[in-house]
Amino acid sequence: MRPMKPSPLTRRQLLLNASAIGMASLAGPLASARTARRQVPAAAAGTLTIGGDLVVNRMGFGAMRLTGPGIWGEPKDAVEARRVLRQAVELGVDFIDTADAYGPEVSERLIKEALHPYPPGLVIATKGGSLRPGPDQWAQDGSPAHLREACEASLRRLKLERIDLYQLHRIDAKVPVADSLGELARLQKDGKIRHIGVSQVSVDELATAQRIVPIVSVQNRYNAADRSSADVLAVCERERLAFIPWAPIARGSADKLEADSGHALEEVARAHGVNVLQAALAWLLAKSPIMLPIPGTSSVTHLEEDIAAARVRLTAAELVALG
C-alpha cells in the first residue's frame, strides 16, 4: 500500500500553529496553558516524563551550536543566537540542553540573556566535568571539587536556584566514578540539582552509575548513521530512562545524508514532503518513546525546519526499511 503524502511543512504552517497560542489566551488561564501546550509545533512529538516529575515535549533543542567555531568563544551573530532560543520556546520547545563547556560558558550565558525570567515548565539541562583547553579541544575533570565549582557557576550564569537536570559530561578515567557521582548526589541533597544524568556511557558504566545514585537520563551519540549506543538505548527503554541523542542528525545536507547508502531516508522524505534532515529526526522520534532529540542550530530558519519534523509520522513499512 502506498503511503499517503502530506503537503510540505512550510514556515507559514508553523506560524499559523503558533498563532493558535494567542487564540488560546482568550480562555481562562489554566485552559489557555493546556491548549497552548497541545497546539505548539513541538508538542506534535508527544511528551516524555523525566525523573517522574518533569514532563517535556519530545522535541528539544541543543544549545551547543550557538557558540563560535570549534564550540569556542562568542557566536558570529549573538542577536540571531538569542532569536533562535526565543523562537524555540515560542514553537513549544520546553527542554534545552547545554553545558558549561560550550563556549566555554557562552551557551549558558546566552540562554539566560535570551530567556530569563524563564517561562513556566521550561527545563534547562546542563552538564559539568569537561574542560576546554581551546577550540575543538576537550578534557575531563570529574573531581568532586571541580564538579561542585562547575555546578555552582552554572547556577549563577543561568540565574537558577536549582538545575532540573545536571549531567556528568563524561566519566573521568583519572577519578573514581563513585567520587564524581557522589559529589553530584551531595549537590542534589543540597537542593542545587533536581535530577542527575550521565553522558557518553556504556551499558556497564550506566549500571555502575545507577548503583551509586539514581540516574534519570542518558545522553549518548545516536543517529541514523551511528547506532553504536543501541544497547544503551535498550537499557534506557527497559528502565524508562530518558535517552537524549546528541548529534541526532548524521552528516550531510537537506537532500542526502552521507550514511544513507540505500537512499531509504531520501524516499521517506519524498513521501512526506520534507527534507532528509527532517526525515532523520522523525525516525528518531519513531524509534523509541523515551527518545528526546535535541537538534541544534544557530539559524531560526533551520530551527523551524527541525521542529516541523515533530509532525511527520512514519509508516510501519518505512520504519522497517530504515531499520
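Begin by selecting Phe95. Setting aside residues up to four places away in sequence, Phe95 touches Ile50, Val56, Gly60, Phe61, Leu122, Val123, Ala125, Leu165, Ile244, Leu292 and Ile294. Keep in mind that the model on screen is predicted.

Move on to Asp172. This residue sits in the loop that runs between strand S8 (163–168) and helix H6. Is Asp172 buried or exposed? Its relative accessibility is 4%, and because buried means under 20%, aspartate 172 counts as buried. Show what surrounds it: apart from neighbours within four places in sequence, Asp172 is in contact with Gln140, Asp141 and Gly142.

Last, select helix H5 (residues 144–158) together with helix H6 (residues 177–189). Their axes come within 9 Å and cross at roughly 40 degrees. The crossing of H5 and H6 is right-handed.

Which residues meet where H5 and H6 are in contact? On the H5 side, select Pro144, Leu147, Arg148 and Cys151. On the H6 side, select Asp179, Ser180, Glu183, Leu184, Arg186 and Leu187. Coloured by type, the residues of this contact divide into five nonpolar, one polar and four charged.

Methods. Residues are numbered from 1 along each chain as its sequence is written. This is a predicted model: local features need pLDDT of at least 70, side-chain atom pairs count only at pLDDT 80 or more; totals for chains, interfaces and linings use all residues. Side-chain values use heavy atoms; hydrogens and water are left out. Axes are lines fitted to C-alpha atoms, for helices over the stretch in contact, and angles run from 0 to 180 degrees between N-to-C directions. Helices (H or I, at least four residues) and strands (E, at least two) are DSSP runs, numbered from the N terminus. A crossing is left-handed if the near helix is turned anticlockwise from the far one by less than a right angle, and right-handed if clockwise. Contact means heavy atoms within 4.5 Å. Ala, Val, Leu, Ile, Met, Phe, Trp, Tyr, Cys and Pro count as nonpolar, Asp, Glu, Lys and Arg as charged, and the others, Gly among them, as polar. Buried means under 20% relative accessible area, exposed over 50%, partly exposed in between (1.4 Å probe, protein chains only).
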